[in-house]
Amino acid sequence: MACWGFHALESDEGLLLLDCIGEKLAAGKKSLKLADIVSLLRSEKLLESEAATNTEDYDLAVLALSEFYNRMQGEKNPLALKNSRHALRGLEELEEIKGDPESLGYLYRRLQEIQDDIDSCERSYAAFWLEAADYYDWISYVDRTVEAIAKEKAACSAAEA
């Protein structure tokens, strides 16, 4: 995994996820549904299937998707993430991602799994960061991501009630 920062979207794997969304789902669209993104990423085997019991291999993808969703709720500029290896084609028109309680609930549950493992570092992604100089920055990033998704989940659930 090549990464240049502790955010999931500061890695090749994180930006490959955005490349997939841009090329296969977002091209020319102003709006996407989070549920459609989750479905696409599962079909591309970039997220675990609903029946999966071992989810560890997808921790970085869950963090990257959560970070992307959070960014689209705020700055709404996915192209700010592009670099020489990832042009992020197809995301030029994208202005919003619409969340739903089920998809946000999935992200929240998975983020909690990652967060719960931080102390033991039994999962390989957390263990990777344990040896890094940015370990405590990474922990704060995970905590902020969990908190942001929790707020979005609560707001989305309240809006649908």
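Which residue forms a salt bridge with Arg110? In this predicted model, in which residues are numbered from 1 along each chain as its sequence is written, local features need pLDDT of at least 70 and side-chain atom pairs count only at pLDDT 80 or more, while totals for chains, interfaces and linings use all residues. Side-chain values use heavy atoms, with hydrogens and water left out.

The partner of Arg110 is Glu48, and the closest N and O atoms of this salt bridge are 3.0 Å apart, a salt bridge being defined as a side-chain nitrogen of Lys or Arg within 4 Å of a carboxyl oxygen of Asp or Glu. The pair links distant parts of the chain, since Arg110 belongs to helix α4 (residues 101-116) whereas Glu48 lies in the loop between α2 (34-43) and α3 (59-73), 62 residues apart. Here helices (H or I, at least four residues) and strands (E, at least two) are DSSP runs, numbered from the N terminus. Arg110 is buried, with a relative accessible area of 2%, and Glu48 is likewise buried, at 4%; buried denotes under 20% relative accessible area, exposed over 50%, and partly exposed the range in between (1.4 Å probe, protein chains only).

Through salt bridges that share partners, Glu48, Asp59, Arg110 and Glu113 are joined into one network. In general, side chains of opposite charge can pair when their charged atoms come close.

The secondary structure of the protein comprises six helices and two strands, and the order of these elements from the N terminus is α-β-α-α-β-α-α-α. Of the 161 residues, 43% count as buried. Among contacts between residues at least 6 apart in sequence, 70% join residues at least 24 apart, where contact means heavy atoms within 4.5 Å. The protein exposes about 8,300 Å², of which carbon and sulfur atoms supply 46%; these accessible areas come from the Shrake-Rupley method with a 1.4 Å probe, and for residues only the protein chains shown count as cover.

The axes of α4 and helix α6 (residues 135-160) come within 9 Å and cross at roughly 155°, which makes α4 roughly antiparallel to α6. Axes are lines fitted to C-alpha atoms, for helices over the stretch in contact, and angles run from 0 to 180 degrees between N-to-C directions; angles under 35 degrees count as roughly parallel, over 145 as roughly antiparallel, 65 to 115 as roughly perpendicular and the rest as oblique. The crossing of α4 and α6 is left-handed, a term used if the near helix is turned anticlockwise from the far one by less than a right angle, with right-handed used if it is clockwise. Residues making the contact include Leu104, Leu107, Tyr108 and Leu111 of α4, together with Trp138, Val142, Val146 and Ile149 of α6.

Gln115, also in helix α4, is partly exposed, with a relative accessible area of 26%. Leaving aside neighbours within four places in sequence, Gln115 is in contact with Val142, Asp143 and Val146. The C-alpha atoms of Gln115 and Ile139, which are 24 residues apart along the chain, are separated by 8.0 Å.

Helix α4 packs with α3 as well, at an angle of about 130° and with the axes 10 Å apart, an arrangement that makes α3 oblique to α4. This crossing, too, is left-handed. Among the residues that make the contact are Asp59, Val62 and Tyr69 of α3 and Leu104, Arg110 and Ile114 of α4; Asp59 and Arg110 also belong to the salt-bridge network.

Finally, in the loop between α2 and α3, Lys45 has a positive phi of about 60° although it is not a glycine. Lys45 is exposed, at 64% relative accessibility.
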